[in-house]
Amino acid sequence: MMTSRVFTSFSNWVAQVAGRPITFGASLLIILAWALSGPLFGFSDTWQLVVNTGTTIVTFLMVFLIQNTQNRDGAAIQAKLDELIRASAAQNVFIGIEHLTQEELDEIRAKCEAKAKAEAAAGQAEAAANRKAAKAAEKATS
């Protein structure tokens, strides 16, 4: 449990630092220094290997750290949405649908879209009926 908390804190910190403009600027300066040092090292294979290895290692590690942060953020958002659904008049059947297959999600989305279209059509029909009734009432009372 302690390892998980340490990793979580570390990945949060890395994700915050990696997304700052100063980090981008520092990375740019490092690459610029490497490029300018090319003539000093004769643009050797070792010179090229240094930047290739360094960027590969940093990228490899960053993928895991940032993915960990995004997974936790996604899970937290899902938990918040589930609680909003549970506490509101929305349908509780939508809680946990993030665990369904893509095909099952597509089916639910299609049903929701069809229901929304039907409700919109019903609303338009109701508005038209209300307008007719208001005209008829106005005609009858004048």
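Mentor: We'll take the pocket, then the aromatic rings, then a loop.

Mentor: This is a predicted model, so local features need pLDDT of at least 70, side-chain atom pairs need pLDDT 80 or more, and totals for chains, interfaces and linings use all residues. Residues are numbered from 1 along each chain as its sequence is written, and side-chain values use heavy atoms, without hydrogens and water.

Trainee: What volume does the largest pocket have?
Mentor: About 260 Å³. On a 1 Å grid over the protein atoms alone, a pocket is an open set of points with protein on both sides within 12 Å along at least five of seven lines. Its volume is the space filled by probe spheres set on the points, with a 1.4 Å probe.

Trainee: Which residues line the largest pocket?
Mentor: Thr23, Ser27, Ile30, Ile31, Trp34, Val50, Val51, Gly54, Thr55 and Val58. Lining residues have an atom within 4 Å of a point.

Trainee: And which elements give two or more residues to that lining?
Mentor: α2 (21–36) and α3 (45–87). Helices are DSSP runs (H or I, at least four residues), numbered from the N terminus.

Trainee: How does the lining divide into nonpolar, polar and charged?
Mentor: Six nonpolar, four polar, no charged. Ala, Val, Leu, Ile, Met, Phe, Trp, Tyr, Cys and Pro count as nonpolar, Asp, Glu, Lys and Arg as charged, and the others, Gly among them, as polar.

Trainee: Switching to rings. How many aromatic pairs are in the whole structure?
Mentor: Four. Rings of Phe, Tyr and Trp (its six-membered ring) pair if their centres lie within 6.5 Å.

Trainee: What do tryptophan 34 and tryptophan 47 form?
Mentor: A stacked pair, 4.1 Å centre to centre and 5 degrees between the planes. Stacked means planes under 30 degrees apart. The pair links distant parts of the chain, with tryptophan 34 in helix α2 and tryptophan 47 in helix α3, 13 residues apart.

Trainee: Is tryptophan 47 buried or exposed?
Mentor: Buried, at 10% relative accessible area. Tryptophan 34 is partly exposed, at 22%. Buried is under 20%, exposed over 50%, partly exposed in between (1.4 Å probe, protein chains only).

Trainee: Which residues do ring pairs link into a cluster?
Mentor: Trp34, Phe43 and Trp47.

Trainee: Where does phenylalanine 43 lie?
Mentor: In the loop between α2 and α3. Phenylalanine 43 counts as partly exposed because its relative accessibility is 46%. Its phi is near 50 degrees, a positive value in a residue other than glycine.

Trainee: And glycine 42, buried or exposed?
Mentor: Exposed, at 52%. Glycine 42 also lies in the loop between α2 and α3.

Definitions and conventions:
Rings of Phe, Tyr and Trp (its six-membered ring) pair if their centres lie within 6.5 Å; planes under 30 degrees apart count as stacked, over 60 as edge-to-face and the rest as tilted.
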